[in-house]
Amino acid sequence: MDESRANVATAAVLELRHMRLLLDVSRQVAALDSLDAVLDALVTVAAEQTGAERATLYLEDPESGELYSRIAHGLMRTEIRMGRDEGLAGAVFTNGRAEVINDAYADARFKAQFDSETGFKTRSILAAPVRTPKGGVIGVVQALNKIDGDFNDQDREVIEAITAQCAITLESLQLIERMEKSRARESAFMNVVSD
């Protein structure tokens with residue numbers, strides 16, 4: 001009976017940690033006002049909470065039909081783009097299911113060209129869809145290279161919970177960014193017309 005109580009207590013402690021994490025993520029993301037800031041916060045939390053070396057977030061660009069990710073390199077920001085059905089991120093985006101790949105180079109969907117371009121050696125990947133509350137997939141988050149051991153179901157549950165907390169903010173900020181780009185194009189057009 002004591003072992004049963006200990007298991008229940010352990011499960012309760014883990015559940016409490018999980019709830020605190022989600023509350024912290026919600027607070028942190030709610031305080032941010034730009035898409036880039038939310039992207040940075042989300043990938044940082046995803047990497048920390050899964051014990052990964054780094055994480056990447058790919059969002060859908062509905063205008064181009066691509067997935068894109070903005071990567072910070074020092075003071076510069078690079079954007080990676082791929083078809084929404086390319087690579088492991090594309091597969092997870094398309095099928096809407098998280099996947100754990102503990103040998104990236106053994107998976108035919110893995111795009112080794114990104115390792116060549118960035119100089120980063122990917123060993124393992126945990127990829128999960130970013131879902132809106134209505135169930136639509138707007139992106140994919142990937143945690144890369146678990147530092148100790150292999151990615152597991154607990155890591156998958158954590159990353160899915162984190163993305164669920166951030167999905168509404170991401171979707172809203174994407175919409176705002178698209179509206180700002182549209183206004184800038186309209187303004188540039190009006191300047192050309194008025195000249």
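**Entry 1: Glu79 and Arg81**

I started with glutamate 79, which forms a salt bridge with arginine 81; their closest N and O atoms are 2.8 Å apart. This is a predicted model, so I read the distance as a computed one. How exposed are the two partners? Glutamate 79 has 37% relative accessibility and therefore counts as partly exposed. Arginine 81, at 32%, is partly exposed as well.

**Entry 2: Asp61**

The side chain of aspartate 61 makes a polar contact with the side chain of arginine 81, at 3.1 Å. I found aspartate 61 in strand E1, which runs over residues 52–61. Is aspartate 61 buried or exposed? Its relative accessible area is 14%, and buried means under 20%, so aspartate 61 counts as buried.

I then listed what aspartate 61 touches, leaving out residues up to four places away in sequence: Glu66, Tyr68 and Arg81. I also checked arginine 84: aspartate 61 and arginine 84 are 23 residues apart in sequence, and their C-alpha atoms are 8.9 Å apart in space.

How many salt bridges does the structure hold? I noted 11. One of them joins the side chains of glutamate 160 and arginine 156, with 2.9 Å from N to O. Both residues sit in helix H5, 4 residues apart, or about one turn of the helix. Glutamate 160 is partly exposed at 28% relative accessibility, and arginine 156 is partly exposed at 22%.

**Entry 3: A buried pair**

I looked at aspartate 155 next, which forms a salt bridge with lysine 146; the closest N and O atoms are 3.0 Å apart. Aspartate 155 and lysine 146 are both buried.

**Entry 4: Asn145**

Asparagine 145 lies in strand E6, and its phi is near 60°, a positive value in a residue other than glycine. I flagged this because most residues other than glycine have a negative phi. Asparagine 145 is buried, with a relative accessible area of 0%.

**Entry 5: The nonpolar cores**

Which members of the largest nonpolar core touch the most other members? Of its 22 residues, I noted Leu57, Val141, Ala143 and Ile159. The elements giving two or more residues to this core are helix H2 (35–50), E1, strand E5 (125–131), strand E6 (137–146) and helix H5 (153–194). H2 supplies the largest share, with 6 residues.

Apart from neighbours within four places in sequence, alanine 143 is in contact with Thr50, Ala52, Arg54, Ala55, Ser124, Ile125, Leu126, Phe151 and Ile159.

**Entry 6: Recap**

Two things I want to come back to.

Note on methods
Residues are numbered from 1 along each chain as its sequence is written. This is a predicted model: local features need pLDDT of at least 70, side-chain atom pairs count only at pLDDT 80 or more; totals for chains, interfaces and linings use all residues. Side-chain values use heavy atoms; hydrogens and water are left out. Buried means under 20% relative accessible area, exposed over 50%, partly exposed in between (1.4 Å probe, protein chains only). Contact means heavy atoms within 4.5 Å. A polar contact is a pair of N or O atoms within 3.5 Å; within protein, one must be able to donate a hydrogen and the other to accept it, and residues adjacent in sequence count only if both atoms are side-chain atoms. A nonpolar core is a set of buried Ala, Val, Leu, Ile, Met, Phe, Trp, Tyr and Cys residues joined through side-chain atoms within 4.5 Å. A salt bridge is a side-chain nitrogen of Lys or Arg within 4 Å of a carboxyl oxygen of Asp or Glu.
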